[in-house]
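Please look at the structure shown below, and keep it in view while you read the report that follows.

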Amino acid sequence: MFLRCISRIFFHSALLTLAVPLIIASFIHGDVKPENFLLGQPGSAQEKKLFLINFGLASNWKWKRGSSSMHVQYDQRLDIFRGTIRYASVHAHLGRTGSRRDDLESLAYSLIFLLRGSLPWQGCQGDNKSFLVCKKKMETSPEVLCSFCPAPFKHFLELVTTMKFDEEPKYEKLVSLFDDLIIGPVSRPIRIAGGLEVGHKRGRIVVNLEEDEQPMEKVRLGSPATQWISIYSARRNMTQRCHYNIADSRLHQHIQKGYEDGVFISCIASLKNVWTVIMDTGTGFSSQVFNLSRNFLQKDWIREQSEKNFYITAIAGATNGSSLVVMSKGTPYTQQSYKVSESFPYKWINKKWKEGFHVTCMGTAGNRWGVVTSRNTDYSYQAVELDFVYPSEGIHQRYGAGYRITSCAATPDQTAFIMSIAKESKTKPVDETFLTSDFPSKATKEQWAKGLYITSICHGRTAC
């Protein structure tokens, strides 16, 4: 009961203490948690003031350019984490550039902790603790997390976890959600360090919650979903074939028939231990070999084909651990390196980028990742978008910076997109991305009629 009273009274002061610096300054705190809020010394003039401390992780959310101010640019660096695991936002776990939404999400977790006394992800242990906590946060719906809290807590959490990267928080609206939980109105101004006064005697601020500019997108429903993710790109007129639900015993037959007809494999995927093979006339390959193995990326066979100047051009793995590897001649590549990892190997990819390699294909087998990098590609820059849901906002941010999707792969937990900037601007951009429960055979035929062809496909996590 004490924690419940404290959290309800604490909210208005905490949110105002947090919001006002954001209004008058250009930084975010970066480590909002109960331990970083202090009350003034008892018996002093400061005893009823709430102080926000520890700005060691503070960072700018906007910067000045001449006389105007601009929001910082979006980025995702999976090797960077700032904050405290228990209270950090999901975006912080995923290494995204901090913005105002992250402080508010951390504040939500802090308040719910004070009310409940614990959070569902406490107790996660191991080297991948941050991953496990982030996954649990994504899989815990606001309804479940706030099941023992008054309704405003759930509404507040929903609002702050659906904010866009550069969205300006509606502070008055957020504060007003909790007015009915406070016994008696605030009868005097709340003073923030620096002498700024916020509010006077305040009754309830009436806000029509149905008048949002856009309907709120619920991204944390608590029920993981997997779908087909198909990427289409504008290409010159060509022939493309899609074979799906192919059992191991029929794989050789379909591929050999394609070779006889002059089409080569461009990308592959797997679902429930059966295969999807995309073949077309636009690969530019002169020769191709493939291998179906009980092991994920069989080293001996890959090494043998590499000595014959074949390069890996497509990989996919099944849930039973087997893999399909395609290697081709006629690529521009001069050197390749690949890695199999139990988690997405961002640090390894970043190291390869610095050595002049770029990611050219990737695949998964269960929760294992396989990533192939090559030298002498058509790309000048690359970035990774990794999430527990289909990361449409991050992808759109990358589009604005000139990136386009060149590879995708997914596990039951996460989806990863490789986004690249081509060396030559004449490269056609990705025009369509489809999410479908069944293989998109109808949509693919419709895209062909518009000159759009599958360039990457996978099946995996797209929603929570």
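Predicted model: local features only at pLDDT ≥ 70, side-chain atom pairs only at ≥ 80, totals over all residues.

K154 is partly exposed, because its relative accessible area is 26%, a value between the two cut-offs used here, where buried means under 20% relative accessible area, exposed means over 50%, and partly exposed lies in between, with a 1.4 Å probe and protein chains only. The partner of K154 is E158, with which K154 forms a salt bridge whose closest N and O atoms are 3.1 Å apart; a salt bridge is counted when a side-chain nitrogen of Lys or Arg is within 4 Å of a carboxyl oxygen of Asp or Glu.

Residues are numbered from 1 along each chain as its sequence is written, and side-chain values use heavy atoms, with hydrogens and water left out.

Both E158 and K154 lie in helix α6, 4 residues apart, which is about one turn of the helix; helices (H or I, at least four residues) and strands (E, at least two) are DSSP runs, numbered from the N terminus. An α-helix has 3.6 residues a turn, so residues three or four places apart point the same way.

## Other salt bridges

A search of the whole structure finds 18 salt bridges. One of them joins R241 to D261, with the closest N and O atoms 2.7 Å apart. This pair links distant parts of the chain, since R241 belongs to strand β10 (residues 240-246) and D261 to the loop between α8 (248-260) and β11 (264-271), 20 residues apart. R241 counts as partly exposed because its relative accessibility is 26%, and D261 is also partly exposed, with a relative accessible area of 35%.

Another salt bridge joins D300 to R303, the closest N and O atoms being 3.2 Å apart. These two residues are separated by about one helical turn, because they are 3 residues apart in helix α9. D300 counts as exposed at 56% relative accessibility, while R303 counts as partly exposed at 47%. Elsewhere, salt bridges that share partners join D75, R96, E385, D387 and R398 into one network.

Which residues of α9 are buried? They are W301, I302 and Q305. These residues are on the same side of α9, because they cover an arc of only 100° around the axis, where the arc is that of the directions from the helix axis to the C-beta atoms. The face turned away from this buried side carries the exposed residues K299 and D300.

The buried residues of α9 pack against β13, β14 (311-317), β15 (323-329) and β16 (335-341), where contact means heavy atoms within 4.5 Å. Among these strands, β14 is mostly covered, with 7 of its 7 residues buried. The strands β14 and β15 run antiparallel and are joined by 6 bridges; two strands pair if DSSP finds at least two bridges between them. A314 stands opposite V326 in β15, and in the hairpin of these two strands, which has 5 residues between them, G321 takes a positive phi near 95°.

## Nonpolar cores

The largest nonpolar core has 38 residues, and those with the most contacts inside it are Y109, I112, L119, L145, F153 and F156; such a core is a set of buried Ala, Val, Leu, Ile, Met, Phe, Trp, Tyr and Cys residues joined through side-chain atoms within 4.5 Å. At least two residues of this core come from each of β3 (50-52), α3 (100-116), α4 (129-139), α6 (151-161) and α7 (171-176), and α3 gives the most, with 9 residues. Apart from this core lies another, of 18 residues, among them W275, F290, A316 and A318.

L297 is found in the loop between β13 (287-293) and α9 (299-306), and L297 counts as buried because its relative accessibility is 4%. N376 is found in the loop between β18 (368-375) and β19 (379-387), and N376 counts as partly exposed because its relative accessibility is 40%.
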